[in-house]
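Open your viewer and get ready to click along. We will go from stop to stop, selecting a few residues each time.

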Amino acid sequence: MNILVVEDEKNLAEAICHILGQADFHAEATYDGKSGLAYALSGMYDAVVLDVMLPEIDGLSVVRELRAKGCAVPVLMLTARTSTMDKVTGLNSGADDYMTKPFEAVELVARVRALTRRQGEVIMDELSFVDLSLDLETHDLGCGGKSVHLSQKEFDVMRMLMNAGGRIVSKHDLLTRVWSTDGEASENSVEAYISFLRKKIAHLNSSVQITTLRMLGYRLEKVGA
């Protein structure tokens, strides 16, 4: 499970990531609302831990924008404010849960686990677009009874494209999210993996293609649509 932590107090953000890491989550942090919104929209995360008071864009505006764009990623809001109305405002903005600072580590983990279970619903284990399906556990890309296995980076790129549901994903966003820890990665890396994926999609005889939009990025489209 990938968790995004959006918190401008870097020490606290690192502490939250450590707590979640100890609970077998993969957590990473960003420190302002603008980047938090962009990362959350990438489709790479199973839940977001979001502070209310953030630079660039405040947490309430971030969650409103996520919902306005159709992003249903579960959001746990954090704040030092304790009044009932503050909590109501956060939930009405589209947050799924609300915690006040300071908090206990065990409660944070329990609430994040509850969010990723979607209140008892089955956790999504597959993404689909037209006739393509992506198994989130095995990393297999399938179409019409055939399947191919994707490498980790192929999977990460394909997951972002499928989560976008036909919307454009910029080359910069792919590079930032998929190659974030690789200082030597370049736009050529993105182009290479897009090429790998195109060959695998063609091998599956899918009606889906990855379209390049000059100066904008990539998106999935149905051939002839």
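Here is a word we will need: two residues are in contact when they have heavy atoms within 4.5 Å. This is a predicted model, in which local features need pLDDT of at least 70, side-chain atom pairs count only at pLDDT 80 or more, and totals for chains, interfaces and linings use all residues. Residues are numbered from 1 along each chain as its sequence is written, and side-chain values use heavy atoms, leaving out hydrogens and water.

**The whole chain**

Show the protein chain as a cartoon: 8 helices and 11 strands are there. Helices (H or I, at least four residues) and strands (E, at least two) are DSSP runs, numbered from the N terminus. Of the 225 residues, 44% are buried. Buried means under 20% relative accessible area, exposed over 50%, and partly exposed in between, with a 1.4 Å probe and protein chains only.

**Helix α3**

Select residues 59-68, which form α3. Which residues of α3 are buried? They are G59, L60, V62, V63 and L66. Seen down the axis, these buried residues fall within an arc of 160 degrees, so they line one face of α3. (The arc is taken from the directions from the helix axis to the C-beta atoms.)

After α3 comes G70, with a positive phi near 80 degrees.

**α2 beside α3**

Next, select α2, residues 33-40. The axes of α2 and α3 come within 10 Å and cross at roughly 25 degrees. That makes the two helices roughly parallel; angles under 35 degrees count as roughly parallel, over 145 as roughly antiparallel, 65 to 115 as roughly perpendicular and the rest as oblique. Axes are lines fitted to C-alpha atoms, for helices over the stretch in contact, and angles run from 0 to 180 degrees between N-to-C directions. Show the side chains of G33, L37 and A40 in α2, which meet V62, E65 and L66 in α3.

**α6 and α8**

Move on to α6 (residues 152-164) and α8 (residues 187-203), whose axes come within 10 Å and cross at roughly 80 degrees. These helices are therefore roughly perpendicular to each other. Among the residues that meet here are V157 and L161 in α6, and F196 and L197 in α8.

**H139**

Finally, select H139, in the loop between β7 (132-135) and β8 (140-143). Is H139 buried or exposed? H139 is buried, with a relative accessible area of 14%. Leaving aside neighbours within four places in sequence, H139 is in contact with V148, H149, L150, Q152 and F155.
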